[in-house]
Structures are given as C-alpha cells and as structure tokens.
Amino acid sequence: DTAVSQTPKYLVTQMGNDKSIKCEQNLGHDTMYWYKQDSKKFLKIMFSYNNKELIINETVPNRFSPKSPDKAHLNLHINSLELGDSAVYFCASSRLAGNNEQFFGPGTRLTVL
Amino acid sequence: SQQGEEDPQALSIQEGENATMNCSYKTSINNLQWYRQNSGRGLVHLILIRSNEREKHSGRLRVTLDTSKKSSSLLITASRAADTASYFCATDAGANSKLTFGKGITLSVRP
C-alpha cells in the first residue's frame, strides 16, 4: 500500500490557470508538508500542517494556498500560475513526536507553459 | 536559507568501491538525516543521527557526525549499481519540525 500518495503525477498547464495537487497519507502521521524541488534539485519547504493547523509557512507567494481537510490530507492550490512555478512538488508526512523522519510522496511534476 | 551543503556535488565510482559524501551545516541541530532520491522519485529516508551521537550504522551505510565542525559524512560500502541516486543531508534544528535540505550529491555507480 502506498504510504504517501499524490495526484496528479504530471501536470501541464498554461500560465494564468489555477490548479490543485492532492496529497494523502495512510501512515497515521500528524504532520504533513509541501516541498518544491527546482530544476537544480534544490528542495525547499513551503508549508507544514500539524493536525490541520498551519505551523510552517515559508516565504511563498500567496498564490499558493494549502488546505488540510483532515490530518491525512494536505492539498495545494495554486492560483494564476507563472512560468517560475514549474518544478516538482513533493508532499511528505511525519509523526509529530519523535525524530521527524519524513516520508515523501512520489512528486508532482508541474510544467507551466 | 540553506543549511546543509554537501560535497562533492557529483561522485562517480566503480561497483564494489566505497562512496563517501560529506555535509556541512551552519546552526545547532537536534539531528541530521540522510535521504536518497532515485531519478523521478520521491526522497527515501536512509538514516538519522542525533546531535549527541557520533557514529551510526545501518547495513552498508555508516554515518558520522562532528558537531564541533558542524559536519557529517555518509559512507556507502561495497557500492552497487542500484545505489546510483542523489543523496541529500537534512538538518532538524527543532523548530516546528522543519527540515532544511542541502543541494544533494549525485552518485553514479558504474557496473
């Protein structure tokens, strides 16, 4: 069974569109994350939710809005997509207590044309 | 700001050889973690070392941590072609469960 899953795996869209990426984890973890990995493989945290509450919000344009309907799901909605948003977006989860070992989803490759 | 800096950026070795990758960081940490990323895949956790530990082993992996030098190394012994991947160190400074990743090292193991 997939521990952390994301949909879609690939997303190709035009500039200015609005799109969403969904993430689900079946590990029973309390904390979920969104990361952005650029073309040079640099991985940067965007958001983190603990039990549906936002706990990390890095300097991210407000066109990006995370939504956590429950602690097993963390979705990412992006408004008015720009060329620079093209990247691979990873969802991850971890237990709140413990050593913060994170489990990653397979990634969503977003291409903005 | 980026915390971990790995070196070398790329490493190419022959199957059976050992691979050593280094990571340096800037601030105090609770723990340091190493992850592997195969091409087109998500990151996979390999090993975690706490700030009060100096060395840790897991199978063919050996991690060391020197908090006085703010550095860590990952040694993969008897490498295999399947070890070909990018390797990232990540530091946990204890603030809101945030991990800060380095830029990664690309390891190529030639059969």
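1. Let's start with Lys44(A). In this predicted model, Lys44(A) is partly exposed, with a relative accessible area of 36%. Its partner is Glu58(A): the two side chains meet in a salt bridge, 4.0 Å from N to O. The pair ties together distant parts of the chain, 14 residues apart. Lys44(A) sits in strand S5 (residues 43-50) of chain A, while Glu58(A) lies in the loop between strand S6 (53-57) and strand S7 (64-70) of that chain.

2. Over all chains, the count comes to 9 salt bridges.

3. Two salt bridges in chain B deserve a look. Asp83(B) and Arg60(B) meet through their side chains at 2.9 Å, N to O. They are 23 residues apart and link distant parts of the chain: Asp83(B) is in the loop between S8 and S9 of chain B, and Arg60(B) is in the loop between strand S6 (55-58) and S7 of chain B. Is Asp83(B) buried or exposed? With a relative accessibility of 9%, Asp83(B) counts as buried, because the cut-off for that is under 20%. Arg60(B), at 23%, is partly exposed.

4. The other one joins Arg62(B) to Glu55(B), with the closest N and O atoms 3.1 Å apart. Here both ends are partly exposed: Arg62(B) has 30% relative accessibility, and Glu55(B) has 40%.

5. Now the overall build of chain B. Along the principal axes, the C-alpha trace of chain B spans about 40 × 30 × 20 Å.

6. The accessible surface is about 5200 Å², and carbon and sulfur atoms make up 44% of that. Among contacts in chain B with a separation of 6 or more, 54% come from residues 24 or more positions apart.

7. What about the inside? The largest nonpolar core has 23 residues, and those with the most contacts inside it are Met21(B), Leu32(B), Trp34(B), Leu74(B), Ile76(B), Tyr87(B) and Leu107(B). Several strands of chain B give two or more residues to this core, including S3 (19-24), S4 (31-37), S8 (71-76) and S11 (105-110). Apart from it lies another core, of 19 residues, with Cys23(A), Tyr89(A), Cys91(A) and Val112(A) among them. In soluble globular proteins, nonpolar side chains tend to be buried together.

8. Leaving out residues up to four places away in sequence, Tyr87(B) touches Met21(B), Leu74(B), Ile76(B) and Leu107(B), among others. Its contacts also include Glu6(B), Arg36(B) and Gly104(B).

9. How far to trust chain B? The mean pLDDT is 91, and 94% of the residues reach 70 or more. Within chain B, confidence is lowest in strand S1 (residues 5-7), at a mean of 75, and highest in S7(B), at 98. Where pLDDT is low, the predicted coordinates should not be read in detail.

Definitions and conventions: Residues are numbered from 1 along each chain as its sequence is written. Chains are lettered from A and ligands numbered from 1 in the order in which they are written. This is a predicted model: local features need pLDDT of at least 70, side-chain atom pairs count only at pLDDT 80 or more; totals for chains, interfaces and linings use all residues. Side-chain values use heavy atoms; hydrogens and water are left out. A nonpolar core is a set of buried Ala, Val, Leu, Ile, Met, Phe, Trp, Tyr and Cys residues joined through side-chain atoms within 4.5 Å. Buried means under 20% relative accessible area, exposed over 50%, partly exposed in between (1.4 Å probe, protein chains only). Helices (H or I, at least four residues) and strands (E, at least two) are DSSP runs, numbered from the N terminus. Contact means heavy atoms within 4.5 Å. pLDDT is the predictor's confidence in each residue, from 0 to 100. Accessible areas come from the Shrake-Rupley method with a 1.4 Å probe; for residues, only the protein chains shown count as cover.
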